[in-house]
Amino acid sequence: MLDDKKLTKELINSLSSVTNLKDLELIEIKYLGRNGVINDLLKKIKEIPVGDRKEYGKKINQLKQEIKRLLETKRLELSKKKSDKFFDSTLPGKTYPKGSLHPITYTIEKIASIFQKIGFIRVSYPEVEWEYFAFEVLNMPKDHPARDDFETFFIDAPSDKKMGKVVLTPHTSSGQVREMRRVKTPPIRMVNIVKCYRPNWDITHNPMFYQFEGLCIDRSINIAHLKGTIDYFAKEFFGEDRKIRLRPFHFQFTEPSFEIDVSCGVCGGKGVDCHVCKSGWLELAGAGMVHPEVLRAGGIDPNKYSGWAFGFGPDRCLMMKTGIDNIRILYNGDVRFLEQF
Ligand code: FA5
């Protein structure tokens, strides 16, 4: 029933014609695999008279060890042959494609350095935030209609009596009062750069986008300082020639408030038929003088101090600088786009 000599001879014969590791592997499977020769022999042990089974098992085991030894010897022989091949160490190595920073990462680093040059401290306040910091302390109490402006993602997490529900922050303004409470006594110059989230999705809106929030509080701060800082940023980021304009607007947490537009980088400010701006201008930011109630919420006396704040979208800044005509391409991971930066 078990002719081990014959099997070993057969194996030696087949191994003699093997010239590569792949064929060797096939032979190994034939003998040692789950449905291989050795396992077949083991299955037949039931047919062996009980008294002979011990001897039979021993023989199979010896045969298995011999097969393994023959296979291993062949494997060594083949791999030696492979490494005997001439290796030319002077040949140029393989070149792998180089990665680069994501354009948004690059944009954020640039923005941070522009503000660090004029004494602003970079911070990153939470993206998963309490309603309290996102709305309440910004003069938007519960049920205030202004909260509708920031359609918000609510997190399914326990709420807190004072802090309210947990949200994905819809804007970086949620860092304003956190920074006031951290610094306690002005001067404050912060730039808070983090991701924000809102359920919006079109060529100028993503559900996840970045904002950077400038906040400056000191004695006698006025709109001229705000305007001067915006002009400085625009020139540093876009260059001398781009136009910026401020439009009166309303935010609950600033008074007076503005929106800031830039002349469109896609149509060159012409506007006619431009599918991105439609008017020659694209909104980049909201801004204004910090509301006295917000200063109070931050523990700062509005009779002594005043301040300004703005919240820009770096994603839109990048669009307008480079002429990208659809914001959604920034996060879809298309390497044909990313390779251009
Ligand atoms: C705000 O978020 C205010 N917190 C800004 C502010 C800060 C006002 C400080 C006053 C003082 P607004 O919703 O307009 O405002 O957003 C500001 C900018 O964020 C927009 O101009 C745009 O550049 C960017 N932004 C807003 N929503 C999106 C979005 N879904 N996708 C991409 N960018 C967005």
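**Notebook: the ligand shell and a salt bridge**

I began with the shell around the ligand, where strand 9 gives the largest share, five residues. A reminder to myself: this is a predicted model.

Next I looked up who else is there. In total, 27 residues surround the ligand. Ser 173, Arg 198, Asn 206, Glu 283 and Leu 284 are the closest of them.

At Glu 283, a polar side-chain atom sits 2.5 Å from a ligand oxygen. Ala 285 uses its backbone instead, with an N or O atom 3.2 Å from an oxygen of the ligand. Gly 313 also takes part through a polar backbone atom, 3.4 Å from a ligand oxygen.

How much of the ligand does the protein bury? I found 96% of the 680 Å² that the ligand exposes when taken alone. Two or more shell residues come from each of strand 6 (208–218), strand 8 (254–263), strand 9 (281–290) and strand 10 (306–312).

Last, I went over to the salt bridges, of which the count is 20. One of them joins the side chains of Arg 69 and Glu 66, at 3.0 Å from N to O. Where do these two sit in helix 4? They are three residues apart in that helix (residues 53–84), so about one helical turn separates Arg 69 from Glu 66. I jotted down the general point beside it: side chains of opposite charge can pair when their charged atoms come close.

Conventions: Residues numbered from 1 in each chain as written. Predicted model: local features only at pLDDT ≥ 70, side-chain atom pairs only at ≥ 80, totals over all residues. Heavy atoms only, no water. Near = heavy atom within 4 Å. Polar contact = N/O pair within 3.5 Å; in protein donor to acceptor, adjacent residues only side chain to side chain. Areas by Shrake-Rupley, 256 points an atom, 1.4 Å probe, with all protein chains shown as cover. Helix = DSSP H or I, 4+ residues; strand = E, 2+ residues; numbered from the N terminus. Salt bridge = Lys/Arg side-chain N within 4 Å of Asp/Glu carboxyl O.
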